[in-house]
Amino acid sequence: MKEKLTFLGIETSCDETAAAVVREKADGTGEILSNIVSSQIEEHKEFGGVVPEIAARAHVEKIEFIINKALKESGLSFNNIDGISATAGPGLIVCLTVGLNAGKAIAGSLQKPFVAVNHLEGHALSPKINKKIKFPYLLLLISGGHTQFLEVNGVNSYKRLGTTIDDALGEAFDKTAKLLGIEFPGGAKIEEWAKKGDENYFKLPKPILNTGGCNLSFSGLKTAVLKISKKLKNQSEKYHLASSFQKTINEILYNKTKVAMDEYLKNKKNKQKYFVIAGGVASNLSIRENLNNLAKEKKFTSIFPPVNLCSDNAAMIAWAGIERFKMNLTNNLEFPSKARWPLDSSAPFLKGPGLKF
Ligand code: KG4
Ligand code: ZN
């Protein structure tokens, strides 16, 4: 095996068409030689959310260009690449298939190793690209599609401590934004509006705050926001609602993260206290400050990967490919795309009506 591995990573699980080339460095971290992300925000704006068929068509139109661009920017040719990794799930099947097939075709024609990557493992290992951290660590993943607390024990070794039982956190932000008349995806705008409002103006519910361990729920909060949004009288009240919503989210995250930290520490082997926060919502500064304060209180070191590695990207997929390849976890070209693919297969499926805590 060559000492320094270079992988091409491909990501098309949702509405970002992405390709990247990452090279392993001698110190065990990674050098990002290129990281191309083409977002489809414009394509989905008028629909207020991601439309799978439109997303898939956009992936098909862009994928070849994006892969070539990633290769060109890296200054390498296909011959210099040691392996190809592509996201195989979880996500929208029609979207996943585009990147997965492209990756398989390149690997097959060049006769290079192929690694099918779980998108969540991409996020889970992403802090290791530019920081030398050892396993285990606690991860909070907060994105438009996922909200989970994970104990990251190693490559291919995860314990899910908690998950949302309904909406993802980014989804809750986007739905609130939509009710306030903000274009999709409105998470960042909610943060902006929240600064102009009074966070104590509206009292909002915090579902399953003191039950269900570190599982989370946001749908009751969404219903409350919906009711209030119908009665708003002016722009100031919209700011107040954005502010009150964000404050409520911060209170929920504070409480649930505390529970997750305690659960993580219950396992005696978890002596190392690193807390990694990833996903698009982790770019919210008030959430960062809130979780940083909690980490300090609980004597955890908080780690926020840079925003371009936090939100969906292919560098994290290339990196997961390198880490898996080093453990001989390669795949054949028959590997299917998977809409659902939990990182911790022993964790129960916690979604849908009728769940009680
Ligand atoms: O990880 P990400 O880029 O993509 C996927 O979910 O796949 O996350 C996007 C989500 C969206 O829901 C977006 O509204 C939310 O992250 N987001 C934010 C902020 N920036 C992005 N939510 C709250 N505050 C922000 N500053
Ligand atoms: Zn993601």
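Visitor: What separates H119 from H123 in helix 4?

Guide: In helix 4 (residues 119-125) these two residues are four apart, which means that about one helical turn lies between them. A helix is a DSSP run of H or I with at least four residues, a strand is a run of E with at least two, and both are numbered from the N terminus. This is a predicted model, in which local features need pLDDT of at least 70 and side-chain atom pairs count only at pLDDT 80 or more, while totals for chains, interfaces and linings use all residues. Residues are numbered from 1 along each chain as its sequence is written, chains are lettered from A and ligands numbered from 1 in the order in which they are written, and side-chain values use heavy atoms, with hydrogens and water left out.

Visitor: How do you know which residues coordinate the zinc ion (ligand 2)?

Guide: A donor is an N, O or S atom within 2.8 Å of the metal (3.2 Å for Na, K and Ca). H119 (NE2), H123 (NE2) and D312 (OD) coordinate the zinc ion at 2.1 Å and are therefore donors. Their spacing in sequence is H-x3-H-x188-D. Water is not among the atoms, so sites may look incomplete.

Visitor: Which word applies to H119 and H123, buried or exposed?

Guide: Both H119 and H123 are buried. That word means under 20% relative accessible area, whereas exposed means over 50% and partly exposed lies in between (1.4 Å probe, protein chains only).

Visitor: Which class does V60 belong to, and what value decides it?

Guide: V60, in helix 2 (residues 52-74), has a relative accessible area of 54% and is therefore exposed.

Visitor: What sets Q111 and N156 apart in their phi angles?

Guide: Most residues other than glycine have a negative phi. Q111, however, has a positive phi near 55°, and N156 has one of about 65°. Q111 lies in the loop between helix 3 (93-110) and strand 5 (114-118), and its 74% relative accessibility makes it exposed. N156 is in the loop between strand 7 (147-154) and strand 8 (157-163), and at 46% it is partly exposed.

Visitor: What makes the contact between D174 and ligand 1 a polar contact?

Guide: A polar contact is a pair of N or O atoms within 3.5 Å; within protein, one must be able to donate a hydrogen and the other to accept it, and residues adjacent in sequence count only if both atoms are side-chain atoms. A polar side-chain atom of D174 is 2.6 Å from an oxygen atom of ligand 1, so the pair qualifies. A polar side-chain atom of N284 also lies 3.1 Å from a nitrogen atom of ligand 1.

Visitor: Where are cis peptide bonds found?

Guide: Most peptide bonds are trans. One cis bond joins F135 and P136, with omega about -5°; another runs from F184 to P185, with omega near -10°. P185 lies in the loop between helix 6 and helix 7.
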